[in-house]
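Hello,

Here is the structure I said I would pass on. Have a look at it first, and then read my notes below.

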Amino acid sequence: MVDEALRQVPNTDRDRNIDMINQIRDSLAIMGDNSTAFSLPQPHLQRTKLCDLKDEDLDPSYVKKRDKLKDLVSSIIRPKIVQGKSLNGKEFVSFLKQILEALNKGEIPSTGSLVEIFNKDILERCLKLYSSRIATLTLPLSEGSLQLSHDAVRGEAMQAFDQQHFGRHHAKKSITQLDEEIDKVFKNVVLQNEYKSSKLCEALYTECEDIMDQLQVLKLPSMAKFNAGLEKCNHTFELECVGPSKANYEGRMAKMLGKSKSLFIKEYNHRLFNWLVAFSLVTVVLGRFIIKFILVEIAGWLLFIFLETYTRLFWSAESLYYNPVWHFIVASWETLVYSPVLDLDRWAIPLCAILSIFILYWRCFAKRKHGSRWLLPLYSSNKNGANRPRSD
């Protein structure tokens, strides 16, 4: 049957199988060219008690061949000498353990450890390159700008490492480590950016808040001046506040400006009304006692009567502020008080002082020298009438 099966197998397949078997035999022959084999007989029939038996209880042929094997092993193996001292088996095992621990800790240089040392030095230089470049940024920056700068500087550091590193396997570990160290540095930069952005936006917010408080207590209320200050403050905040804190402070800024404007509008009409009443009384005093010009006094009385009598009789406090007449008064007031050329709120006191000096000069000196030359009716003096003789 076997012969028939072998006959059925093609010659090419049989030759190939025989060649593979012969290659295995040749390999085993090379490995075992200088080998010595011992066939030890069974030491004792009670195999489970071999460790408890002495040499006298064992088979003499086994003991004889065992001693021969010991002599052969002793003749082949050379004693391990460390620092001039021969080591026995236990001492040699302890020495191997120390060697393995030193290798694991990297205390004994190897090819891999030397490559790691070189790459570590390159890694530190590339990390220093990244840190120095990222430190030149002027913070705070927007999150997008900071991320773009980080990506660009990180690419330079990685490119420098790729050009200088040693090895492939160890370089992958070093690249991962470099990436982790760069991320740590970048996280610190992000924290610094957030802190400086918060500090800058907080300062701008506080400055705008102070400006709004100052505009609430204007000597001469002016909606145009308040709106100009609000727009300027908002523009400065939008332009100078940058970084991750901007979104948070934008909400706070809009809320604060809205409250300030609502409060100013609420008090604006009432303060303007009081100022107009005071202005009418001042006009009456000036026309009556200072310049003694009857038309000025009449104009002051008409304005006072209109504000205190007519408006209260025919308009309510709410409807007054929506009346076209009041809008005309407000527009005239705004044109007089605030314009690009003159800010009357800032120059009110100096102008009043100059006007008072002029009136004083006119009353005390100019009138004595030149007399009265008014073409319009003035208050006449009764001193000349008192000296005239009475006619019967």
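**Salt bridges**

A search of the whole structure finds 8 salt bridges, where a salt bridge is a side-chain nitrogen of Lys or Arg within 4 Å of a carboxyl oxygen of Asp or Glu. Before the details, please note that this is a predicted model, in which local features need pLDDT of at least 70, side-chain atom pairs count only at pLDDT 80 or more, and totals for chains, interfaces and linings use all residues. Residues are numbered from 1 along each chain as its sequence is written, and side-chain values use heavy atoms, with hydrogens and water left out.

One of the bridges joins Arg66 to Asp55, with 3.1 Å between the closest N and O atoms. This pair links distant parts of the chain: Arg66 sits in helix α3 (residues 60-76), while Asp55 is in the loop between α2 (11-31) and α3, 11 residues apart. Helices here are DSSP runs of H or I with at least four residues, strands are runs of E with at least two, and numbering starts from the N terminus. Arg66 is buried at 17% relative accessible area, whereas Asp55 is partly exposed at 40%. For these words, buried means under 20% relative accessible area, exposed means over 50%, and partly exposed is in between (1.4 Å probe, protein chains only). Asp55 and Arg66 also belong to a network of salt bridges that includes Asp67.

Another bridge pairs Lys184 with Glu181, the closest N and O atoms being 3.8 Å apart. Both residues are in helix α7 (residues 169-216), and because they are 3 residues apart there, about one helical turn separates them. Glu181 is partly exposed, at 24% relative accessible area. Glu238 and Lys246 form a salt bridge too, at 3.8 Å from N to O, and Glu238 is partly exposed at 36%.

Which backbone nitrogen does the side chain of Ser197 reach? That of Ser245, at 3.2 Å; a polar contact is a pair of N or O atoms within 3.5 Å, where within protein one must be able to donate a hydrogen and the other to accept it, and residues adjacent in sequence count only if both atoms are side-chain atoms. Ser197 lies in helix α7 and is buried, with 0% relative accessibility. Leaving aside neighbours within four places in sequence, Ser197 is in contact (heavy atoms within 4.5 Å) with Pro140, Val242, Gly243, Pro244, Ser245 and Lys246.

Ala203 is also found in helix α7, and is partly exposed at 47% relative accessibility. Ala203 and Cys241 are 38 residues apart in sequence, and their C-alpha atoms are 9.4 Å apart in space.

**Surface and overall picture**

Val73, Ile76 and Ile77 make a nonpolar surface patch of about 290 Å². Patches are made of residues with over 30% relative accessible area and no salt bridge, with like charges joined within 9 Å and nonpolar side chains (Val, Leu, Ile, Met, Phe, Trp, Tyr) within 5 Å.

For the protein as a whole, the secondary structure comes to 14 helices and 2 strands. Buried residues make up 23% of the 392 residues. The protein exposes about 29100 Å², with carbon and sulfur atoms supplying 59% of it; accessible areas come from the Shrake-Rupley method with a 1.4 Å probe, and for residues only the protein chains shown count as cover.

Best wishes
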